[in-house]
Structures are given as structure tokens and as C-alpha cells.
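Subject: Structure handover

Hello,

Here is the structure for your files. My notes on helices, sheets and cavities follow below.

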Amino acid sequence: MLIVDLPEDVLSIIFLFLDPKSFLALCTSTKVLYADYQRNPLFWRTKVATTFRTPISPLLKADGARWYSLYQRLRTQTRLYTWGQGVKGNLGQGVGPRLDPNLLPGSPRPQQILPLPRSPPGPHGRAMRGRIIPARPRPTTFQRISSYWPTEAHVPDDVGVVADLQCGGWSTIILSSSGKLYIAGCIDARDGRILGGQTDRFERLEFLTQSTSAIAQFSAGRAHVLALTDDGEVVSWDRINAKGLKIYSRHGGKLPGKPARVVAGWGESSAYAPDVGIMYWSPPKNDQEDDMVDAREVKERVIPNTTRALSADGTLYEVTAHVVLEGMIIWTTVDSKVWACQIDHDNEEDTEPRGPCIQLPGYFDGADLVKDIQGSFRHFVVFTGSGRVLAGNVDYVQLCFEAAQRTARENIDGQTDAVNPSTWANLNFILSSRPRDIPALQNTGVISVRFGDWHSHALHSDGTITSHGHEPQSCGALGLGEAHQGGRLRGMIKPQGLHPDTNLQPVADIRGRQVWFEHEKRDWLGYLQHTAEQHFASHQDQPYWREIMHDHAKQTMFSEWIEQEGRHWEDGPISCTSRLPETRQQTKPQHGDGLEFKTYFALAIGAAGWHSGALVLVDDDKAEQVRRKWIRQDHSQERGPDIEAQAMQLAWTTESFPRTQLPDGTEAPVAGDQAPEQTVENALRPWRDGMPTMQDLGLESSQG
């Protein structure tokens, strides 16, 4: 019997015993294996998870090309970016731009940048053929207390490949592929008092048995960090200057069962063991009375009916995911139901929640299966199989608890099941009270959502990140830039006053506003806003400039044009009269893997408090190619006898403020020229993805 004759599921199991080199060699032995199995999703997903400890989202589809490409690139292209407020060092030290330092944000003058690298002269004085890849400059680090734009954070060389990140209330924590945790900032700074010191460099979180057991998975709460080791032990930290404590049960020894995951919440810790259920407890404090103490007993409680079980008809019942919010735990089950219980306790000897567990309405309609739940603090989202992202918060869940309690009090004969929403008298009112779902997250491939105090980020399967919410005291948590240095053109609203909050136009929740990582985009936005302000100052009689700067509707419309330009940045600039660049139609795969990633491809996101972070794959070669597209050479300068000097400028600094037709029919006037004729330079710019309607942007049509 030939190996190719084995069933596919059997072959997939056999493949898992091979290393990648042996697997690829086997696939090249026959055409059938090469064609059908070289990009086997199970094999490459498993190798990514086991080699790099990368968490696997249940929402990602079985895409073999994706996992194969990730396996190739994770070791060399993973970068950490952070932004927002970092007064506790939680952003880590920044890494300077890997471009010319003259490229400053919002500079009003045309910038000259360094000449492109040229081939060295050959033996006869002529340039040698062949592509010369410029050496990557050595990065410079700097301290920072805030960042409005995503900035690369310095990760020490000994950390290795970063596999995952999460944000705590005052910290950023990363997990290396070798199973070690590192932290920047401080774990607990409630009421302004720092517990256990702080650091702006990523330092290791240690525990006594770390040499024999690596970290498999971790979770960051508001003021503590929880980790699960390869040996199934649970470790907790409440400060950075003390070793972590293993969690022991109130009955002595390790927690019961074999924990499969841990979740650190707003104030409580939690673990899920399939044969026990969801356990939760108050995080222990490491008072450092004895440096050799490596464990602490806790008063764990178990949520009833969360144990994996088989019904009489053979149906499996199991908890698929859970989150720990402020005062409550919410979980999903394999039968697509969403449950909740309150975790406030007056008696620490309680072994179960003090109230009943209830089913939450509004998340399962009988057809669209529930796939996952994510959340923190006061907010959560439920993911469905069709791609919907359904919102929820603790206020909505509290209404559900009150309805269940009211039903129970009125249930004198005991015949009504108060935990079942269908028995609640005011069910329609409760359903109408559920938070509004964000349109930009519906059926757009969202695989992860992370919440800060007032902002949130969504990670999409195509490697993009969108921002939602607002920035308290304009701290930069959205990662969209500074409102007065180009952010206004993206729909940011910053009122006058001392430390005002920055809000987003409603269009951000309708169409989405992506987080950008290129420094050139930051410079472009700053240059455009400065140019618009100059036009407004010199042409105040033209209403267009006044409206672009101060009218919310015009800002909304123009910000959508800006968004489309940014999303097609890799295509390069497009002239007013030309068609879309040919690169738009190119589908040449990168790295020979059949899958083309963007230059900046986000793998994971984190958010908490007033800051955020992301793990991003960065293709330096592709970034340089894109950068060259936005450079225009000036051949007017004289060439020296020895060096063929070429002055180069960024494309947008050689043009006037972009003119385009807005969805309401208005057009920008020709700056400084009221003549009816238009030149190529001041002609109307096209919309990369087509002009949206007023209704698409959430605006009323001015024509009624």
C-alpha cells in the first residue's frame, strides 16, 4: 500500500511526527504529495504553534499558505509596536525610524532625502549589474512617555522571537518563543502608587522553577499577570521585583484538574480545567517575606455546570471560551450559548458563585453559531460563524441579572426557569439595551478585539488593525496620529482646552480607520494638514477650506478619501489623469508561498488602560520598494564629475493640496487661481475604491 493511498486524516497525523525539513522532502517525492499536502493547514498551523508558541485563533480558517508563510517569516520579521500613554514606562523604549532622520512629522517644507543606493563601480568604472540590497541601519533607542503614532519598541536581542503580547493597566507583557515572559512598565499602579517598581526596558518576569518549565500561555489583568506553564502549573505576579507565585488550591497542592488556559481579569484570576470547570480566585500578594516561597494557597471557587460532560444521547457539553470582567465571568459553550455569573463575594469561604448562572440573550439566533468571546474590564464581544461581532458590556449583563432575579421573585409556584431569558417579562426592552454592534467589524474578517479603558482595536485576518472609541486627554491610544498634526484629516476631533479628549467622527465605526505603521504616512498627513491650514489662512473667502477644517460633514467625506489613499499606499502615487497603477493588479506571491502579505502585517494586538500594542511582520525589502514609489527624482541639479547626484523629494511635497470631488458634489477650488481651466497638477484626484455615497458615510443627503 502506497502512502498516498492512506486516508487524508491519517496522513495528517503522520505528518505531525516530521520536522518541516523532512516534511518538505517527503512532499517532493511524488507529485500527488506535493500538490495536495505541501501546504497542509494542520501541519503548518501546528508547527507555528509549537515552534513559536503563537496563540491560534479559533476564528482563523484552515489556510495552509498562511501558516506556511508565517512559519517562514516569524523568526526574522516580527516587530513590536506600541503607542498611547507611557508615563510608567509601559511603552518600552522606542526604536528610531530606519529612514533618513530629516523626515520629521508635519514638516511644512519639502524634504530632501538620501539618494537611493547605487551599484558600486566595476573594474572599468561602470556600475556593476545586479541588485544591491542596502544594509539595514543600526536602530537607535530613545525614552518616551507617549506616542501618537505606532512606534517600534526596543526588544533586547536575548528575548528572541516574540510570540505573543498583551497589555496590562500600566504594562506591556510579551512572551518569547522560548517560553519566557518579559514586561515593560509596572504591574500595579492603582491610586498613583507604584507597587514593586517600574521599568522602561523589557525585563524578565521570573519564578523559582523557570529553568525546568517554560510558559505555554499567559494573560494580563489590570493589576496582575497570570501564566500557565508547560507542566500545567499556574503562576501569578503582582509586582515586577518579586518572583511569581505558583497557585495552590485551598485543599493543598496544585489546582484540581489539568488547566487548559488561564484568564486574568479586572480583579480576579481564573483558570479552566475541562474535568473541573471554570475556577476563579483573588490574586495572591507577594509580600516578599521569604524569597524561597514559590507558592501560595488561594480560595478558589468553581462555577457549577462548566465541566466537560457527555449527555445521555452522546452530545458533548463543553466551555469553549471565557472572559473575566469587572464583577462577573462570561463564557460560551459548544452549543452556542452565552452564560454569565456574578463573582462578588462577602464570604471568602464560598466555593461557588453566590447567585445563579444565567443565559444571556441576543447572541444566538438558532442558526449563526457562536465561535468565541473576548473582552476585559467592562466590555466584551461575541464572534459568530458568519463573521458578525456582537457587542456587550457589564451594564447589559447587569440588566439580565436583574430580570432573572425579578422573575425568580415572581415565580411563586417554582414552575418558571428564571435563568432562561424566554421567561423574562421585559425581554424586548433588555434586547434593545444591548450595546450597538460596530458596523465596521461585521463580516470584515475580525479575529481579535482588545479593549482599553476608553478605546478598542480590532485585528482583521488580512493583518490590518482598526481603531474605535476615543482618547482620554488625547493620549494617543487610538494610534491614528495627533489631531493637530494630520489626525484631523482622518476624522479625529480635538476640541480646544486643557488636555481635552480626542474623539472620532462616527464614520470610523461605519467604514473603519486603520492603524498605519509607515512613518511616511505620518509625514504625509502632517504636510497635508499644514498645507490646508495655509490655504485656509490665505483663502478664507473660499468656503471649501473653512469647511474642510471645521465642518464635520466635510471632514467625514475628505477623511474617507484619505483613508482610501492610505489603504492603497503600496500601489504608489497616482497622477490625476492616469489610471490606477499596474501594481494594483499584480498578484505575484512573496517568498514563493502562494500568499502575499502586506508590508506591515499585524499578528496580534493588545490594549489596556490608555495604551496599545501590536506584533507586526515587517518586510523590509518590500517597505523599501514602496518607499521608492513615493520618491520623485529632480534632474534639474547639476551632476558632479565623480558622483551622479540626484536630488529626490517625497511625492506629496511636489504637489498642491489634493483636489477631489466629495460625495455631496462639492469640489476644492484651484488654490490661488480662479481661472476655469485646470492643469494636470490641480485636476481632480480619483477615489481609489470608488466614491462612496452620503449614506455610505452615515450622512444625510443634502439634496433631501
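For the helix packing, axes are lines fitted to C-alpha atoms, for helices over the stretch in contact, and angles run from 0 to 180 degrees between N-to-C directions. Helices (H or I, at least four residues) and strands (E, at least two) are DSSP runs, numbered from the N terminus. The model is predicted: local features need pLDDT of at least 70 and side-chain atom pairs count only at pLDDT 80 or more, while totals for chains, interfaces and linings use all residues. Residues are numbered from 1 along each chain as its sequence is written, and side-chain values use heavy atoms, with hydrogens and water left out.

Helix packing

Helix α2 (residues 20-27) packs on α4 with the axes 12 Å apart and an angle of about 165 degrees. The crossing in which α2 passes α4 is left-handed, meaning that the near helix is turned anticlockwise from the far one by less than a right angle; clockwise would be right-handed.

Helix α4 (residues 41-52) also meets helix α5 (residues 64-77): their axes come within 7 Å and cross at roughly 30 degrees. α4 and α5 are therefore roughly parallel to each other, and α4 passes α5 in a left-handed crossing.

For α9 and α11, the axes come within 12 Å and the crossing angle is roughly 150 degrees. That makes α9 roughly antiparallel to α11. The crossing of α9 and α11 is right-handed.

Cavities

There are four cavities of 30 Å³ or more in the structure. A cavity here is a set of points, on a 1 Å grid over the protein atoms alone, where a 1.4 Å probe fits but cannot get out; lining residues have an atom within 4 Å of a point. Grid points are joined across faces, edges and corners, and a volume is the space filled by probe spheres set on the points.

The largest cavity has a volume of about 190 Å³. It is lined by 19 residues, of which Trp524, Glu565, Trp630, Glu655 and Arg685 are the closest to its centre. Two elements, α9 (519-538) and α11 (552-567), each give two or more residues to this lining. The largest share, four residues, comes from α9. By type, the lining of the largest cavity has 12 nonpolar, two polar and five charged residues (Ala, Val, Leu, Ile, Met, Phe, Trp, Tyr, Cys and Pro count as nonpolar, Asp, Glu, Lys and Arg as charged, and the others, Gly among them, as polar).

Seven bridges link strand β1 (residues 78-85) to strand β34 (residues 611-618) in the antiparallel sense, and Tyr81 stands opposite Ala614 in β34.

Another open sheet of four strands runs β14-β15-β16-β18, again with antiparallel pairing. Its edge strands, β14 (261-264) and β18 (301-302), each pair on one side only. β14 and strand β15 (residues 269-273) run antiparallel and are joined by four bridges. The bridge partner of Val263 is Ser270 in β15.

Regards

Conventions: On a 1 Å grid over the protein atoms alone, a cavity is a set of points where a 1.4 Å probe fits but cannot get out, and a pocket is an open set with protein on both sides within 12 Å along at least five of seven lines; lining residues have an atom within 4 Å of a point. Two strands pair if DSSP finds at least two bridges between them. Angles under 35 degrees count as roughly parallel, over 145 as roughly antiparallel, 65 to 115 as roughly perpendicular and the rest as oblique.
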